[in-house]
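Please find below a colleague's note on the model under review.

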Amino acid sequence: MIDILLSESFLSLLAINAIAAIGMNIVYASGQLNLGQAGFLAIGAYTVAVLDVELGWPLLPLLMAGAAVSAVVAVPIALGASRLRGIYLIMGTLAVGEIVRIAIGNIDEVGGLQGYFGQAPVSTGGIFGSLIAVLALAAFLMASRVGLQIRAVFDDEDAAAAAGVATRRIRVLAVVTSAATVGVAGGLLAKWLTFISPSDFGILKSFEIALYTLIGGVHSLLGALAGATFTSGVDKVLGSVERIDYIPTALHFLDDWRQVIYGSLVIVLIAMLPEGLVSRSAALRFQRPFRRLRRTLERRGRSAAAPLTPPPRDRGAVRLRLDRVGHRYGGVVALDGVTLEVRAGEILALIGANGAGKSTLIEVVSGRVASQQGAVTLDGERIDRLRPERRTRAGVARTFQSVRTFAHLTVEETLRLGAMAAARASRRTIDDVANLIGLGDRLDALPAELTLADQRRLEIGRALAGDPTLLMLDEPSVGMNDDEREELAGLIGEIRDRGIAVVLVDHNLDLALGLADRVAVLDFGTLLTVATPQDVVNDDRVRAAYMGVEDLAAGAEAVPE
Ligand code: ATP
């Protein structure tokens, strides 16, 4: 059996499958399960086969042409797919794969259903050279800023947009890059088989390519290699690789049962290893020395500090202005004509009973919810028509009510992602923020290894790394004990002292009123008052709005004299 697995023809096929797996990894890493990859495999294969037969080009230009045609066809598909989620995306991509196969079957010039042949065979060296080149390019992509953004979109699209990622563009880019990569695999397959027909590119092929990633793991390219190797190996041992009867004599009894055994094996594997053969933490262990080296090199070549503190003269300047802002959810008025200013270097606590509209105000300013009425300006510029990621890059940062970290990004990667929103950011920005949030020695940790309080501080760090002018914190103290809350208060105070305008929403009035310079009180979507904490706790209207809420009394005790 071993000699079958080590045969040159099998290893060549394995290398081609590995390239397809890398392509699948790139697109699934952005959270899009593309089940139409056989279509791109076919486009690459037929492009290469026809150019080879008609023009006799050398391998490199052939493969580049296969990748290019596949990528061009992928653009409109990617634009459409970027609007689809979940089952609709899966069905849509599945349909695309089938449409390509059926279309090719109708083109007589490429042999229709009969198939196409005549292409010169490819050398084993050519196949392995291609694999190494594709792997190097993919590794470069996934280690780049774009790769980090792709992975952030996988974990949480909203939080990625809040970190300044143009999520739609990233999704399109991932589909197109993936199509180009799978196109290369298709081109090699065409030359390896020397005869191709539409039946080589059916739905089962798309499932097979998806399986490489699902079995291997999506969180590193090692997973793509492991998945392709495992799947192709099992496939070969069980005898399914078409055209050649690979079933070793000893396993011939499997014949009719091989699909059942194969399917069961896949189910067991996915159930036992939901993250695949190479999980994120396993990949991290492998990458740790490289990460350390990168950090050391970056620190040695430290660029000038990117100060998070604006010049002192900016303190007190109006950063955020809401002018008669309103928002309704259906019949519910969540915000009604709210006019408000937040200044550099101040903490504005936004309080109000449940449902008063506090979170909606953050959503409207950050752009996750479109404002329906009024104007929102940041530093004098209208921002209410900008997409969320553009607002982030303009200086609006926010955290979410329920903590939203990126499950598969380390502390360092999360801060690096956040820092991409800044006009200038350096290694020092990341170290500075990591120390500020108390995670300076946990740079390689994943969120699951952190306490909830650490995760909340990490989310604040992500927001802060983008060098914002405005930071909006939605219930940052939820789930924290007294010590952690006190630490958080210190952190928020420090952020204010750096000259950032802070909007703080927190049900813990102890924290909110104790920290605030000014307090805005919302009541059923309208702004009741904006005043000092002292005046707010003595205001009868506020007491009425908080009737029965004991927190206000507790908060009153926290107001500094
Ligand atoms: P809490 O303190 O409970 O978080 P809040 O002050 O943040 O409340 P919002 O969450 O902004 O208040 O809600 C304001 C009003 O809008 C509430 O009546 C709420 O039920 C409603 N609301 C909020 N989000 C939605 C939504 N997505 N769809 C419909 N109604 C919504």
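1. Basis of the note. The model is predicted, so local features need pLDDT of at least 70 and side-chain atom pairs count only at pLDDT 80 or more, while totals for chains, interfaces and linings use all residues. Residues are numbered from 1 along each chain as its sequence is written, and side-chain values use heavy atoms, with hydrogens and water left out.

2. Confidence. The mean pLDDT of the chain (the predictor's confidence in each residue, from 0 to 100) is 91, and 93% of the residues score at least 70.

3. Ligand shell. The ligand is surrounded by 13 residues (a heavy atom within 4 Å), the closest being G355, K358, S359, T360 and H507. Helix α14 gives the most, three residues; α14 (358-366) and β4 (332-343) each supply at least two. By class, seven are polar, five nonpolar and one charged (Asp, Glu, Lys and Arg count as charged; Ala, Val, Leu, Ile, Met, Phe, Trp, Tyr, Cys and Pro as nonpolar; the others, Gly among them, as polar).

4. Polar backbone atoms of G355 and S359 each lie 2.8 Å from an oxygen atom of the ligand. For A356, the corresponding distance is 3.1 Å. The protein covers 61% of the 630 Å² of accessible area (Shrake-Rupley method, 1.4 Å probe) that the ligand has on its own.

5. Salt bridge. The structure holds 38 salt bridges (a side-chain nitrogen of Lys or Arg within 4 Å of a carboxyl oxygen of Asp or Glu). In one of them, R85 pairs with E157, the closest N and O atoms being 2.8 Å apart. R85 lies in the loop between α4 (59-81) and α5, and E157 in helix α8 (residues 157-162), so the pair ties together parts 72 residues apart in sequence.

6. M91 belongs to helix α5 (residues 86-105).

Terms used. Helices (H or I, at least four residues) and strands (E, at least two) are DSSP runs, numbered from the N terminus. A polar contact is a pair of N or O atoms within 3.5 Å; within protein, one must be able to donate a hydrogen and the other to accept it, and residues adjacent in sequence count only if both atoms are side-chain atoms.
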